[in-house]
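Please report on the fold of this protein chain. Cover the sheet, the helix packing, the nonpolar cores and a few single residues.

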Amino acid sequence: MSSVATSGTFMLGDRTVRRLGYGAMQLAGKGVFGPPRDRAEAIAVLREAVENGVNHIDTSDFYGPHVTNEIIREALHPYGSDLVIVTKVGASRGMDASWKPAFSRAQLTEAVHDNLRNLRLDVLDVVNLRAMFDVHGPAEGSLDEPLEVLEGLKQQGMIRHIGLSNVTAKQIENAGEITDIVCVQNQYNLAHRHDDPLIDMLASRGIAYVPFFPLGGFSALQSSTLSNVAARLDATPMQVALAWLLQRSSNILLIPGTSSRGHLRENLAAATIVLPQEALSELDNVVA
């Protein structure tokens, strides 16, 4: 793997964002359902993130539901001119906290209006369509109809840009025939690297790749490798895992989430870490 700068910016549609952003999922309650345990701390985390240069926040009105968007609005509205808020549609929450597909025209239209209202925005910067054919990972299925709905809302001026989440390469290709895709959110981390070819393809097209679950799926041996590298660099394993992602490809945008200001500071510090080639080689081999 060639090394790229760990800091810097990337284009998300027509907006320039810093490559280390913030994901708001953890601001909701347990299981991404209900209110947070400490709302004041959640508000403080968001404000500190923005004060420290974060200008890319990822959220969804089905987090809570409505909880994270309401907290973002309370903490940050009126928003700075450089802040880019990315949201997701395509899912809903049951009363039992279950995750359900929400792909119909009425559901998608309602979701966009909910995001606009709860974030107090006139237009959404980026709306990602979350595929729900399999909640655990990408699975084939047509996204044509929901994408046509979102493209219609884009033409009406409610959405600036459209992205995809939990999708296959085929779905991305098909989506590009309906609308311009500016980003893809899939699971990817040091140990879960099925999207390696996809990341390179998207990079060649100038499309952002936004990995979720940036640290997970490690065996004891793999975790030891990560911990050993971190110890040598006087960093935490999570910081090294984030730094590795930033050095993996310049089109990768990170959105690590946390409900703690202390953890937020650790995450933001990952942008200052440059992994030497020896460390990169060790980490690349954890999937061998």
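L164 has V184 as its bridge partner in β10. Strands β9 and β10 (residues 181-187) run parallel and are joined by three bridges. Helices (H or I, at least four residues) and strands (E, at least two) are DSSP runs, numbered from the N terminus. Two strands pair if DSSP finds at least two bridges between them.

This is a predicted model, in which local features need pLDDT of at least 70, side-chain atom pairs count only at pLDDT 80 or more, and totals for chains, interfaces and linings use all residues. Residues are numbered from 1 along each chain as its sequence is written, and side-chain values use heavy atoms, with hydrogens and water left out.

**Sheet and hairpin**

Seven strands make up an open sheet with parallel pairing, in the order β3-β4-β5-β8-β9-β10-β11. β3 (22-23) and β11 (208-212) are at the edges with a single partner strand each, so one side of each has no neighbour in the sheet.

β1 (residues 9-12) and β2 run antiparallel, joined by four bridges. F10 has V17 as its bridge partner in β2. Two residues lie between the strands of this hairpin, and G13 takes a positive phi near 65°. In a regular strand the side chains alternate between the two faces of the sheet. Buried means under 20% relative accessible area, exposed over 50%, partly exposed in between (1.4 Å probe, protein chains only).

**Nonpolar cores**

A nonpolar core is a set of buried Ala, Val, Leu, Ile, Met, Phe, Trp, Tyr and Cys residues joined through side-chain atoms within 4.5 Å. The largest one has 83 residues. L164 is among the residues with the most contacts inside it, and so are V112 and L150. Helix α8 (residues 237-248) gives the most to this core, with seven residues. A second, separate core has twelve residues, including L12, V17, A208 and I255.

V112 touches V89, L124, L150, L153, M158 and I159, not counting residues up to four places away in sequence. Contact means heavy atoms within 4.5 Å.

**Helix packing**

Axes are lines fitted to C-alpha atoms, for helices over the stretch in contact, and angles run from 0 to 180 degrees between N-to-C directions. Angles under 35 degrees count as roughly parallel, over 145 as roughly antiparallel, 65 to 115 as roughly perpendicular and the rest as oblique.

| Helix pair | Axis separation | Angle |
|---|---|---|
| α2 (residues 67-76) and α3 (residues 105-119) | within 8 Å | roughly 30° |
| α8 and α10 (residues 277-284) | 11 Å | about 100° |

α8 and α10 are therefore roughly perpendicular to each other. V240, W244 and Q247 of α8 meet L280, L283 and D284 of α10.

**Two buried loop residues**

Where is N166 found? N166 sits in the loop between β9 (159-165) and α5 (169-175). N166 counts as buried because its relative accessibility is 3%. A polar atom of the N166 side chain lies 3.1 Å from the backbone oxygen of A131. Leaving aside neighbours within four places in sequence, N166 contacts R130, A131, D134, G137, P138, Q171, Q185 and N186.

S249 lies in the loop between α8 and α9 (261-269). At 8% relative accessibility, S249 counts as buried. The C-alpha atoms of S249 and D200 are 7.7 Å apart, with the two residues 49 apart along the chain.

Notes
A polar contact is a pair of N or O atoms within 3.5 Å; within protein, one must be able to donate a hydrogen and the other to accept it, and residues adjacent in sequence count only if both atoms are side-chain atoms.
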